[in-house]
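Keep the model in view as you read.

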Amino acid sequence: MSSRPAPPPPPRPLSVAELDLDASGGSVLSFRPAPGGPPLVGGGAVYALVRLRGRPAATVVGNVPEGQDPAEVLTALARERLAAAGPGSDAERLAARRRPLPAGPPPRTSVIVATRERPGSLARALDSLLAQDHPDHELIVVDNAPRTTDTRDLVTKEYAGRVRYVREDAPGLAVAHNTGAAAADGDVLAFTDDDVIADPHWLTALTEPFTADPGLGCATGLILPARLATPAQILLEAHGGFAKGFAPRLYDPAEPPADEPLFPFTAGSFGSGANMAFRAGALRKAGGFDPATGTGTPAKGGDDLYAFVAVLTAGFRLRYTPEALVWHHHRETWQDLRNQAYGYGAGLTAYLTATLVRSPRLLPALLARLPRGLAHARAMTASRGQTPGGGVPGEHGTHHPWPRGLSRRERRGMLYGPIGYLAARTRGGAR
């Protein structure tokens with residue numbers, strides 16, 4: 001009688017660090033724990049962001065033997081990784097390129113943070129947002145469907161005069177974002193979440209492209225994990241996380257990318273809602289966020305994806321800028337990860353449904369692409385974890401097997417998404 005193979009051991013915790021090099025083969029400029037993370041003590045596995053003179057360039061994972069210097073171990077791995085990418089790699093081009101002079105100062109920007117009953121993480125996020133090097137910005141907190149006065153008390157007392165407080169009683173992330181946008185006075189509206197720590201240069205890097213490109217409607221940035229302490233956090237990051245790579249990219253509806261035949265309906269490749277900004281006029285022209293999408297509604301998600309596509313189909317460009325970095329505190333528990341997988345699936349098909357309902361003119365293009373898009377999404381959820389090899393967190397299908405149960409949860413969410421979206425519209429009224 002054959003016995004079942006033993007399940008793989010759970011992923012071991014990783015420390016998270018930043019390593020800044022003078023060049024891909026150069027000296028170490030700095031090495032430190034990631035913002036908000038614990039100090040690096042002793043040996044063990046370490047996940048590190050590799051910067052080249054401050055610019056995010058790659059990630060590496062290394063096992064540091066007890067008694068060895070983590071900086072030395074990770075620097076050797078980083079040089080090997082960057083060298084393997086070759087002289088024409090994105091990292092080498094970033095290292096060799098001098099920062100171009102901006103066409104002018106970054107535009108007046110409103111940073112909007114929607115939150116609900118998480119004052120501890122909100123305070124951590126606000127502290128990082130108040131440390132930004134952007135010369136002209138305001139901070140707005142939208143308290144979404146609050147049950148207590150904790151968020152209001154925090155903002156109005158601890159951050160009085162520095163952060164504006166706005167209350168929105170209707171639940172839903174998109175509703176909260178629309179409320180924040182209506183209260184804002186910035187030419188650009190930047191959005192992030194209450195569970196991030198923003199790099200000090202985040203807002204400047206995210207908004208400078210709007211000055212240089214009058215046709216730019218949206219910008220997104222890089223999201224990396226602040227902690228990798230639990231199996232749920234490690235699995236999420238090992239199979240995609242929120243990161244979209246280290247290569248800047250421009251998406252132009254007038255010149256659809258040849259490598260994305262489903263464009264613009266592959267919105268998940270553009271960025272994520274924890275790190276995005278819109279030209280205020282472009283977001284208004286696109287109709288804002290769909291209030292029947294997002295966390296807090298029956299649709300579960302899809303608010304950011306809908307907005308990306310709406311802005312692109314309104315004729316504006318979208319730019320992904322990896323220099324605009326935030327560190328995200330992933331949810332910690334297995335149940336959190338199960339809920340997240342289901343929500344991702346639901347948000348994908350909810351945003352597609354929202355696009356069809358609110359922009360019927362896109363129906364022919366959407367229907368032409370929808371079967372391939374859904375097949376691609378289903379293949380992604382089914383194939384995670386099937387590629388052997390070492391890998392690092394942030395690279396799909398490597399490092400740790402993706403549980404089949406999570407793939408099933410994601411596919412069930414995809415089936416539910418249109419139902420959830422229509423339920424949200426019915427509950428809130430067609431808008």
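Helix α4 spans residues 150-158, and its buried residues include T151, L154 and V155. Buried means under 20% relative accessible area, exposed over 50%, and partly exposed in between, with a 1.4 Å probe and protein chains only. The three cover an arc of only 85° around the axis, so they sit on the same side of α4. That arc is taken from the directions from the helix axis to the C-beta atoms. The buried residues of α4 pack against β5 (109-115), α3 (119-130), β6 (137-144) and β7 (164-168). Contact here means heavy atoms within 4.5 Å. Helices (H or I, at least four residues) and strands (E, at least two) are DSSP runs, numbered from the N terminus.

This is a predicted model: local features need pLDDT of at least 70, side-chain atom pairs count only at pLDDT 80 or more, and totals for chains, interfaces and linings use all residues. Residues are numbered from 1 along each chain as its sequence is written, and side-chain values use heavy atoms, leaving out hydrogens and water.

Now the rings. A search of the whole structure finds nine aromatic pairs. Rings of Phe, Tyr and Trp (its six-membered ring) pair if their centres lie within 6.5 Å; planes under 30 degrees apart count as stacked, over 60 as edge-to-face and the rest as tilted. F263 and F270 pair edge-to-face, at 6.0 Å centre to centre and 70° between the planes. F263 is buried at a relative accessible area of 6%, and F270 is buried at 0%.

F278 and F308 are stacked, because their centres are 6.3 Å apart and their planes lie at 25°. This pair links distant parts of the chain: F278 is in strand β12 (residues 275-279) and F308 in helix α9 (residues 303-313), 30 residues apart. Both F278 and F308 are buried. With F191 and F289, they form one aromatic cluster.
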